[in-house]
Every structure is written in structure tokens, then in C-alpha cells.
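Subject: Handing over the structure

Hi,

Here is the structure I promised to pass on. Have a look at it first, and then read on for what turned up.

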Amino acid sequence: MTSLDPAATPDLRRRELAGAVRATYAVFACLGLAGATWASRLPQISARLDLDPASLGLMLLMMAVGGVAVLPLAGAAVTRLGPRRAVTVVAVLVAVALGALALGYVLWAPLMAGGLVLLGTATGFWDVAVTVHAAAVERRLGRSLMPRFFAGFSLGTVAGACLGVLMSAWRFPVSLHIGGIAVLIALVTPAATRRFLSEPAPAPGDSPAPQPAAGRPGPSPWRDPRTVVIGLIALAFAMAEGAGSNWISLTVIDRHHTSATVGTLAYATFLSSVTLGRSLGSVIVDRVGRPGALRAAAVATVIGVVLFALGPSPWTTFAGALLWGTGAALGFPIALSAGADEPVHATGRVSVITSIGYCGFVGGPPLIGFLAGRIALAPALLVVAVFMAGSVPLARAARPTPLIPRATADNVIPVAPSPEHIKENPRAKQSAHDRGQ
């Protein structure tokens, strides 16, 4: 586990920090792989269980039941355990959940419902823990990295989707496919977390958070208007990403009467565009700022969803999926980066934003399934465009907060200011350079 010892040389600290960056990428990729693996086999799961869109939406709601119920507790749990231990524990739980899905597919369908509840619960905790660590690494480096970390997540989803395409084409058993990925995640993720920073939140060099009076709890991040508004932005973008991940393949099959392989290929196209958008995200944010990037991404998503849902041919459907994924890519990582502006409040605020956003990620697909039972699947997807259009006027809340002066001690490594503050304050950048960061 990386400690960034104050007595270490600058070169050693840079190597340790580089190791933490690579470990964070790996953990995000494993998280993406877990979600995409079972989603890529959703057409086969749906066919085996003979589910219509409404029934499938109800099954997806099982993830929401687990995730939304426990996410408000995630911040406190991550603070108590630390991101490293939290990610290690939930990675094992995710592997168990995938194992339950694999066994439920061949043995007992209700076991799949239990697996989905556990999967939603564990991935929600995983999101909070790895994002808190990612925000700490971002602050240490003094530049925007959150979109690229989420690009690592997207690379994991692309790998999972492409593997799903091959497994579907080769008619590889669904249970063996999902079970094999479960074992991989249980082994790789704990190994990667050994390179995490030892105490990423709050970062060294930051003054301690104001302490509440004896017997009184501190101010709740749920009562911070900016945090809640950013959470609503995350909700809209998470809904767009979740709807694409769960419904694109089935919509292509239903609307254009294609094979499961073509439907899964459309899903892989969507995930590839998400990866591309996040890979370019840091450059976009550095050029136009968080609010500008959010507005542009929302408009792109609206156009993509409309083109996907109403386009007359499979080619326009694939073009819509490409634009949809590119736009949906940036919202969630930008929102979490904005919530982590102040290190001493980062864990609580990231937990709140993730909790609100997660409602869109796991609640959006069941909502679309419910609507699809009444108006058909493709028109039901237009609800995503409505939510995305509503996020445009909220984007202003993602502006960086002013840096609060922090006291430092002689035996503490000063840390880089936030990436957005560096952009607005050239002296901060020079100060970070002088510290060898």
C-alpha cells in the first residue's frame, strides 16, 4: 500500500503516486467488467426466463432495492474502513453476487434476484470508495483525472461487452461465462488495492474539518444545496448511461428484428463511445470548464437518444448509440470531481452525489421497462432525453469552489490544489511544480 512517506525522495513519491494511479485505473476497470459481463448476456437471460420488458424492468429493480437502500451509509463506512479495505471487501461481495447470478441461471431463478440485490449493494459501495480514492489522487497530481479514471471503468465495460459478443456468438454457457469473471474480479481487485494511497481523505496538508460541538453531529452534506444539485446532474447522466447499458441491445433486437449478436454489438458500440468520451474528458474540461462540458454532453446525449429511438434504420440506430454514449460519458465523473473539491468534505459529499446519481443508474432501467409495457420500448427511451434536457440549467452548480486556506505542519507533505483551481490561479500551478508534484 502506497504511503507517500514525507521522508521519501521526490522521485520515490512520484513512483508511488504513479502506482496508485495505475491501481485506481485497474479497480475502475474491474468494476466496469463486473457490470458489463452480466448485462452483455441479458438477451439470453431474458429469453431463458421468458421475460417481457416490464418483467425484465422489475428484475432490474432488484439492483435498485439493494443499492439505493444502503448508499446513504456508504460515506461513513468508507471513512471508517478506508478506501483500500472497503474496495477489497466489496470486490469479494461483487464476485459472490455474480456467482449467485451464474448459479441462478441454471439452478433456481429466484437466486438471480438475490444476486442482483447484492450486486447493486456492493457496486454502490464500490463506487463511493474508489471515487474517494480517485479524488485524492487527482488532488495530489493537481490536474483533472476523474474522466480518465472513469474511462478505465468504460474500458472494463467494453472488454466485458466484447467478450459477451464472442460468448454469445460461440454459444458459450452463460453461467460459466459469468462465474469465470466472478473469480477474476475476486483475485485481481484486492491485488490492485495494495498500491492505493494509505490515507487518501482528507489529504495531508489540509486543515482538519471544523469539529462540531460536543454531543452534536456535524452538518450533513445532504443539507448542502450545491451538493444536492450536483447529485441531480449525476442522476440524469447516470440514468442515460444505465438505460443504454441495459436496453440498447434489446431495443435493437426488438425494433429491427436482428440477432442477439447484432444487439450485443450495438451495446458494445455504445460502451466504446462512452470510453472515447471519457478518454477525451479531461481535455474538454480543461478547455471549457465543468459547466460547459456538462451542457455540451447533455445536448449530445439528447440528440443521440432521439436518433436511436426514432431513426428509421439500423445504421441510424448505431449512429444514435455512438452519440448517446459519447454524451453520457462525462456527467457522472465531472459531478463526483466537483463534489470532491474540498478534501475535508469529499467523502460525505461524494457519498451523497453517488447516492442520488445511483438512483438514476439503477432506477432508470426499471422505469423504462415499465413504460415499455405501455408504449413500446423505443419510445420509452425518450424519457432519457427529457431528464438530460433538464440537467442543462443545473450545470452551473459544478463550478469549482474557492480554495479555503489550509494550515500545514512541517512534517506533512503539502498537496496540490484542485485541478480547477489551478486553471483559474496560475500561482497554484507554479506552487505545485515547486513541490515536485
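Let's start with a charged pair: Asp224 forms a salt bridge with Arg349, with 3.7 Å between the closest N and O atoms. (A salt bridge here is a side-chain nitrogen of Lys or Arg within 4 Å of a carboxyl oxygen of Asp or Glu.) This pair links distant parts of the chain, 125 residues apart: Asp224 sits in the loop between helix H8 (174–192) and H9, and Arg349 in helix H14. Helices are DSSP runs of H or I, at least four residues long, numbered from the N terminus.

Before going further, a word on where this comes from: it is a predicted model, so to speak of local features takes a pLDDT of at least 70, side-chain atom pairs count only at pLDDT 80 or more, and totals for chains, interfaces and linings use all residues. Residues are numbered from 1 along each chain as its sequence is written, and side-chain values use heavy atoms, with hydrogens and water left out.

Are the two partners buried or exposed? Asp224 is buried, at a relative accessible area of 19%, and Arg349 is buried too, at 14%. The cut-offs are under 20% relative accessible area for buried, over 50% for exposed, and partly exposed in between, using a 1.4 Å probe and protein chains only.

A search of the whole structure finds 2 salt bridges. In the other, the side chains of Arg278 and Glu241 meet at 2.8 Å, N to O. That pair also links distant parts of the chain, with Arg278 in helix H10 and Glu241 in helix H9, 37 residues apart. Arg278 counts as buried at 0% relative accessibility, and Glu241 is buried at 6%.

Of the 27 residues lining the largest cavity, the closest to its centre are Gly35, Phe153, Glu241, Tyr358 and Phe361. (On a 1 Å grid over the protein atoms alone, a cavity is a set of points where a 1.4 Å probe fits but cannot get out, and lining residues have an atom within 4 Å of a point; grid points are joined across faces, edges and corners, and the volume is the space filled by probe spheres set on the points.)

Several helices, including H1 (10–40), H9 (225–256), H10 (260–279) and H14 (346–375), each supply at least two residues of that lining. H1 gives the largest share, 6 residues. By class, the lining has 18 nonpolar, 6 polar and 3 charged residues. Here Ala, Val, Leu, Ile, Met, Phe, Trp, Tyr, Cys and Pro count as nonpolar, Asp, Glu, Lys and Arg as charged, and the others, Gly among them, as polar.

Leu111 is in helix H6 and is partly exposed, at 30%.

Finally, His177 in helix H8 counts as buried at 5% relative accessibility. The C-alpha atoms of His177 and Ala102 are 8.1 Å apart, though 75 residues separate the two along the chain.

Cheers

Conventions:
On a 1 Å grid over the protein atoms alone, a cavity is a set of points where a 1.4 Å probe fits but cannot get out, and a pocket is an open set with protein on both sides within 12 Å along at least five of seven lines; lining residues have an atom within 4 Å of a point.
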